[in-house]
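Biologist: Could you walk me through this one? I would like the overall picture before we go into any detail.

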Amino acid sequence: MKEFRDLIAKTKEEANVFVCGVPFDKNASVGKGASEAPRVLRELSYDLPPLDMMGNNLTKVKIFDCGDFDASNFDELHQNIRDNFLNNDGFHIILGGDHSIAIASERAFLDKCKEHGTTPVIIHMDAHPDICDVYEGSKYSHACPIFRALEYGYEDKNVTLVGIRGFEAQEIETFKKHPLLDVFKSYDIKKMGVEALLTLLVAKYRNPKYEVYFSYDIDANDPAYAPGTGTPEAFGLSNFETVAIATGLISNLNVTCMDLVEIAPPLDVNNITSWLGLKTIYEVFNALIKSEKLKK
């Protein structure tokens, strides 16, 4: 497959950005279709010139695509992401898939942070907290990754939720048990502004002892901007707000892995949600270049 025009590395040794796909949506609770996103994003990427929205050249980015990982067994997915993806030296991007894949990838990230001697942080940009213990009878629902992360060993004080506006009653009860967990609702961000949000997060996590996993569910964006997702939620963030949050975090914090989940191409209109996700990744590339965080 042709992909990432003019950005592909021939070997892992040449690469400074590593990509993998997890084409899986069996744990989505409403609309399906996120399993098709890794393929569609790759296909669209070949038509996208290697430039950001301001015309900055991105060819310092050298991508090695590690292919797709099977998510039929989450224990195996956790091991594969840990041993065959996060072991590569560079920035890591996981293309989902519904958000349940983060149950495995955030667990793998936790393992890697233990090896690195760093403190693992999750910044979860989403319309939903995804902190249900069990949802629709499953502990592996896309509504459960943050609850599972806390079970696996993340400290609540090192988990931040951004853009939240859709809750389950059980999640409100969980928040009461984890008062150190930060929740910035979309309403809060509209009032305080993105710059104020970034100032708080950078002040909290800028110390290099922290290693950050940034999880980006496309439904953090208002469905007016991102209709192609299985659980659209009104009153969301704009494209400029989400890209400013993503690039601000990556420019200023030790973010070494991000995922992009819940894009569902069958539910989309003219691929605009896929293009949003892809263009955001390219803005992330520019942030990596400008902040000199890419391996030479």
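**Overall picture and selected details**

Modeller: This is a predicted model, and in the protein chain residues 24 or more positions apart account for 78% of the contacts with a separation of 6 or more.

Biologist: How many helices and strands are there in the protein chain?

Modeller: The protein chain holds nine helices and eight strands.

Biologist: And what radius of gyration does the protein chain have, against that of a compact globule?

Modeller: The radius of gyration is 17 Å, which agrees with the value near 19 Å that a compact globule of 296 residues would have. The C-alpha trace spans about 50 × 45 × 40 Å along its principal axes.

Biologist: What share of the residues count as buried, and what does the surface consist of?

Modeller: Of the 296 residues, 59% count as buried, while the chain exposes about 12,000 Å², of which carbon and sulfur atoms supply 51%.

Biologist: Is strand E8 enclosed or exposed, and why?

Modeller: Strand E8, residues 255–261, is largely enclosed by the rest of the structure, because seven of its seven residues are buried.

Biologist: Which strands pair with E8?

Modeller: Strand E3 (residues 91–96) pairs with E8 in the parallel sense over four bridges, and there Ile94 has Asp259 as its bridge partner. Strand E7 (residues 210–217) also runs parallel to E8, joined to it by six bridges, with Tyr213 standing opposite Cys257 of E8. Between E7 and E8 the chain passes through helix H8 (residues 239–252), and this β-α-β crossover is right-handed.

Biologist: Switching to strand E1, in which sense does it pair with E2?

Modeller: Strands E1 (residues 17–22) and E2 (residues 63–68) pair in the parallel sense over four bridges, and Gly21 has Asp68 in E2 as its bridge partner. To get from E1 to E2 the chain goes through helix H1 (residues 37–45), in a β-α-β crossover that is right-handed.

Biologist: One last thing, Arg82: where is it found, and which side chains does its side chain make polar contacts with?

Modeller: Arg82 is found in helix H2, which covers residues 74–84. Its side chain makes a polar contact of 2.8 Å with the side chain of Asp83, and the side chain of Arg82 also has a polar contact of 3.2 Å with that of Asp111.

Biologist: Which residues does Arg82 touch, leaving out those up to four places away in sequence?

Modeller: With those set aside, Arg82 touches Asn87, Ala108, Asp111 and Lys112, so Asp111 is on that list as well as being a polar contact partner of the Arg82 side chain.

Technical notes
Residues are numbered from 1 along each chain as its sequence is written. This is a predicted model: local features need pLDDT of at least 70, side-chain atom pairs count only at pLDDT 80 or more; totals for chains, interfaces and linings use all residues. Side-chain values use heavy atoms; hydrogens and water are left out. Helices (H or I, at least four residues) and strands (E, at least two) are DSSP runs, numbered from the N terminus. A polar contact is a pair of N or O atoms within 3.5 Å; within protein, one must be able to donate a hydrogen and the other to accept it, and residues adjacent in sequence count only if both atoms are side-chain atoms. Contact means heavy atoms within 4.5 Å. Two strands pair if DSSP finds at least two bridges between them. A crossover is right-handed if, with the strands pointing away from the viewer, the path from the first strand over the helix to the second runs clockwise. The radius of gyration is taken over C-alpha atoms; the globule rule is 2.2 Å times the number of residues to the power 0.38. Buried means under 20% relative accessible area, exposed over 50%, partly exposed in between (1.4 Å probe, protein chains only). Accessible areas come from the Shrake-Rupley method with a 1.4 Å probe; for residues, only the protein chains shown count as cover.
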